[in-house]
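Please review the model shown here. The report takes the chain as a whole, then a handful of individual residues.

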Amino acid sequence: MSQSGDFRVFLKEKVNLNQSRLNLLSQRVTAIENFLSNDEVFGEYVVEVIPQGSFAHGTIIKPVGNKEFDADVLVLMDGVEGWEPSDYVQKLYEAFGRSASYRSMRSRKKRCVTIDYAGDFHVDVVPFVTLYGAPYVTNRNTNQFEPAAPDEFTEWLEGKNRMTNGNLVKVVRLLKYLRDHKARFAIPSVTLTAALAHHVSETARISDPDAYRNVANTLRTLSAALATQLAGYPHDAPCIIDPGTGRNLADRWQSHNYQTFRTRFASYVEKIDEACDESDYSKAVKIWRDLFGSNFGAIVEPASLTAAASIRPLVPASERFLDRDFAIPEALNPAYRFKNVGYVVPRKGFRGGPLPRRGDRVGKRQSLKFKIEKSNIPEPYDVYWKVRNYGEEAERAGSLRGEIQKDSGARNWIETTSYVGYHYVEAMIVKDGSCVAKSRQDVIVI
């Protein structure tokens, strides 16, 4: 049983990092950026500070129990003449030491400086250096520049997430929660994320049209695929490639941790299959609770089942659709491709940049410009833009949107962020009277 309403509530209430914490994290990162940009040493080299890892990917989860959550950020900067690789983390540590606020909160690791906001979360601040046009992180212990490609990883993950209708990221969060809730296996978050994403494919969707239909189906599809892969590797983990650098992310996994994960995960996949196949609502809830704990779902009588399953996101009256409101049918052509990329218009004193590099995250009152890029679609064609926003702020203000407008010919769209929430801007290309291609850019306002 898919229980979409139960998964929606469970993710919101127990798994997803709450908005107040995301807002606070955003404020802390902005403060770090402002401090470094004005530091007597780093100020002239810092470009900006942007999300990295689970912060950029949208897979941070609410801490389980008394644990803290952590976020990684990159300090984008040019290489400094005369600095060794080990100097970057050391000098960053020294910079925070020049602050009365950060001095007692800092600690050094091999690739970053950690700023600990005691009792809630910590931020790992990673120097991200461009040398001769190539990006690197720095290792203080080995005194080496290490190739890094976080933009490529984030872009790859976003593409995989779109293929699953946004369910991949939710599944990653659920399995990270399962890891922390059960505390019976260990796997680095980036390794888990990549391992699952590698199993997202058009082939799976063709063989099973319901493979990514909802959270439960996506959880089942990807978990089963991963468990099947691991079954062929009883001793050492299979290679899990970082799509940006080609590095093997399984190297972060100790052998005994891998073997424990492999065994435990296989048993959890059996439970997932059992819950998905169970047609009785209350019995299915009990199986899901065995995995995720007593906060999942509610044991209900059949009479109240309809109400429990009827949770739906609010649809604004203004929402428009090409086929219904413009009489333009959808006839997507897999040979046609393009990309809708959102760019942040730079604030005074800082550079802008593409939203994917920021993990689609941006603050309020920020100007954004969306562009059609990497198109292989021959002219002539028309572009239609759809802006869809969500969230309690927009709802309270009576400003939920979903309108569609035809492009003037500029092949771009400009927006200003106003409300906290998960939103999107979608570009739709219409050729010969049909919509032949679409590309959606997520916008997460924090």
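## Basis

This is a predicted model: local features need pLDDT of at least 70, side-chain atom pairs count only at pLDDT 80 or more, and totals for chains, interfaces and linings use all residues. Residues are numbered from 1 along each chain as its sequence is written, and side-chain values use heavy atoms, with hydrogens and water left out.

## Overall build

The protein chain has 14 helices and 16 strands. These are DSSP runs, numbered from the N terminus: helices are H or I with at least four residues, strands are E with at least two. The C-alpha trace spans about 65 × 55 × 40 Å along its principal axes. For 446 residues, a compact globule would have a radius of gyration near 22 Å; the protein chain has 23 Å, which agrees. That radius is taken over C-alpha atoms, and the globule rule is 2.2 Å times the number of residues to the power 0.38.

Contact means heavy atoms within 4.5 Å. Take the contacts between residues at least 6 apart in sequence: 67% of them join residues at least 24 apart.

## Surface and charge

Of the 446 residues, 49% are buried. Buried means under 20% relative accessible area, exposed means over 50%, and partly exposed lies in between (1.4 Å probe, protein chains only). The protein chain exposes about 20,900 Å², and carbon and sulfur atoms supply 47% of that area. Accessible areas come from the Shrake-Rupley method with a 1.4 Å probe; for residues, only the protein chains shown count as cover.

There are 60 positive and 55 negative charges, and their mean positions are 3 Å apart. Lys and Arg count as positive, Asp and Glu as negative; His and the chain ends are not counted. Each charge is placed at NZ of Lys, CZ of Arg, CG of Asp or CD of Glu.

## Two buried aspartates

Asp124 is found in strand E5 (residues 121–131). Asp124 counts as buried because its relative accessibility is 9%. Its side chain makes a polar contact with the side chain of Thr114, at 2.6 Å. A polar contact is a pair of N or O atoms within 3.5 Å; within protein, one must be able to donate a hydrogen and the other to accept it, and residues adjacent in sequence count only if both atoms are side-chain atoms. Setting aside neighbours within four places in sequence, Asp124 is in contact with Ala71, Asp72, Val73, Lys109, Cys112, Val113 and Thr114.

Asp242 sits in the loop between helix H9 (215–231) and helix H10 (255–277). Asp242 is buried, with a relative accessible area of 7%. Its side chain reaches the backbone nitrogen of Gly244 at 2.8 Å. Beyond its neighbours within four places in sequence, Asp242 is in contact with Phe153, Arg247 and Leu249.

## A histidine between helices

His199 lies in the loop between helix H7 (189–197) and helix H8 (202–207). His199 is partly exposed, at 21% relative accessible area. Not counting residues up to four places away in sequence, His199 touches Tyr212, Leu222, Ala225, Leu226 and Gln229. His199 and Ala95 are 104 residues apart in sequence and 42 Å apart in space, C-alpha to C-alpha.

## Backbone exceptions

Most residues other than glycine have a negative phi, and most peptide bonds are trans. Which peptide bond is cis? The one from Glu379 to Pro380, with omega near 5°. Pro380 is in the loop between strand E11 (367–373) and strand E12 (382–388).

Asn143 has a positive phi, near 55°. Asn143 sits in the loop between strand E6 (134–139) and strand E7 (144–147) and is partly exposed, at 31% relative accessibility. Asn165 also has a positive phi, about 60°. Asn165 lies in the loop between helix H5 (150–163) and helix H6 (167–182). Asn165 is exposed, with a relative accessible area of 54%.

## Two further loop positions

Asn333 is found in the loop between helix H13 (322–326) and strand E8 (339–344). Asn333 counts as partly exposed, at 28% relative accessibility. Asn333 and Ser434 are 101 residues apart in sequence and 10.0 Å apart in space, C-alpha to C-alpha.

Gly246 is in the loop between H9 and H10. Gly246 is partly exposed, at 44% relative accessibility.
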